[in-house]
Amino acid sequence: MSLIRLVYASESRLVEANRQAEIDRIIESARRLNARNDITGFLLATTASFAQVLEGDGRTVAETYGRIVADPRHDTVRLLAEHGIDQRGFPHWSMGLAERDETTTFIFGLYGVTPENDLPQHEADVLVDLAGELARQRS
């Protein structure tokens with residue numbers, strides 16, 4: 001199997017009243033489907049946007065990305081990178097999650113992610129590095 005890594009960013013359409021419940025649903029569904037399809041990755045979330053790293057077989061990652069593009073919780077989905085990789089960067093995560101909150105604001109800020117310069121404004125490499133840092137902290 002040839003592995004690929006896909007990175008995208010999108011604007012969030014979640015409303016504050018049910019935001020956490022929706023994120024919980026996203027993660028539960030992603031973990032179940034990704035485990036079944038041998039996809040690994042990490043989701044970054046702020047109140048205004050998402051960025052996600054997906055790793056796995058090209059066909060299954062493309063199918064997963066297609067579902068994300070069609071998901072009404074996302075708006076203005078932008079594919080930032082898609083390329084072959086030799087090994088997974090998130091091998092232990094069917095889907096990891098880090099939200100920008102009071103405990104992670106500093107780390108997000110170290111990578112330039114602020115309310116004024118949110119996830120979709122960043123290059124894929126920066127988002128992968130940020131996700132990697134947050135994944136290491138949660139391991």
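**Close-up 1. Arg-5 and its contacts in the predicted model**. Leaving aside neighbours within four places in sequence, Arg-5 is in contact with Val-53, Leu-54, Glu-55, Ala-81, Glu-82, His-83, Ile-85, Gln-87, Arg-88, Gly-89 and Val-128. Arg-5 itself lies in strand E1, which covers residues 3-12. Is Arg-5 buried or exposed? Its relative accessible area is 13%. The cut-off for buried is under 20%, so Arg-5 counts as buried. One of its contacts involves two polar side chains: the side chain of Arg-5 makes a polar contact with the side chain of Glu-55, at 2.8 Å.

**Close-up 2. Helix H1 from end to end**. Helix H1 holds 19 residues, numbered 19-37.

**Close-up 3. The buried side of H1**. The buried residues in H1 are Arg-19, Glu-22, Ile-23, Ile-26, Ile-27, Ala-30, Leu-33 and Asn-34. They cover an arc of only 150° around the axis, so they sit on the same side of H1.

**Close-up 4. An aromatic pair, Phe-42 and Trp-93**. Two numbers describe a pair of aromatic rings: the distance of the centres and the angle of the planes. The count for this model comes to three aromatic pairs. In one of them, Phe-42 and Trp-93 are 5.5 Å apart, centre to centre, with 80° between the planes. This pair is edge-to-face. Phe-42 lies in strand E2 (residues 40-45). Trp-93 lies in the loop between strand E4 (74-85) and strand E5 (96-99). The pair therefore ties together parts that are 51 residues apart in sequence.

**Close-up 5. The ring cluster**. Ring pairs link Phe-42, Phe-90 and Trp-93 into a cluster. How accessible is Phe-42? Its relative accessibility is 0%, so Phe-42 counts as buried. Trp-93 is buried too, with a relative accessible area of 17%.

Note on methods: Residues are numbered from 1 along each chain as its sequence is written. This is a predicted model: local features need pLDDT of at least 70, side-chain atom pairs count only at pLDDT 80 or more; totals for chains, interfaces and linings use all residues. Side-chain values use heavy atoms; hydrogens and water are left out. Rings of Phe, Tyr and Trp (its six-membered ring) pair if their centres lie within 6.5 Å; planes under 30 degrees apart count as stacked, over 60 as edge-to-face and the rest as tilted. Helices (H or I, at least four residues) and strands (E, at least two) are DSSP runs, numbered from the N terminus. Buried means under 20% relative accessible area, exposed over 50%, partly exposed in between (1.4 Å probe, protein chains only). The expected span of a helix is 1.5 Å times one less than its number of residues. The arc is that of the directions from the helix axis to the C-beta atoms. A polar contact is a pair of N or O atoms within 3.5 Å; within protein, one must be able to donate a hydrogen and the other to accept it, and residues adjacent in sequence count only if both atoms are side-chain atoms. Contact means heavy atoms within 4.5 Å.
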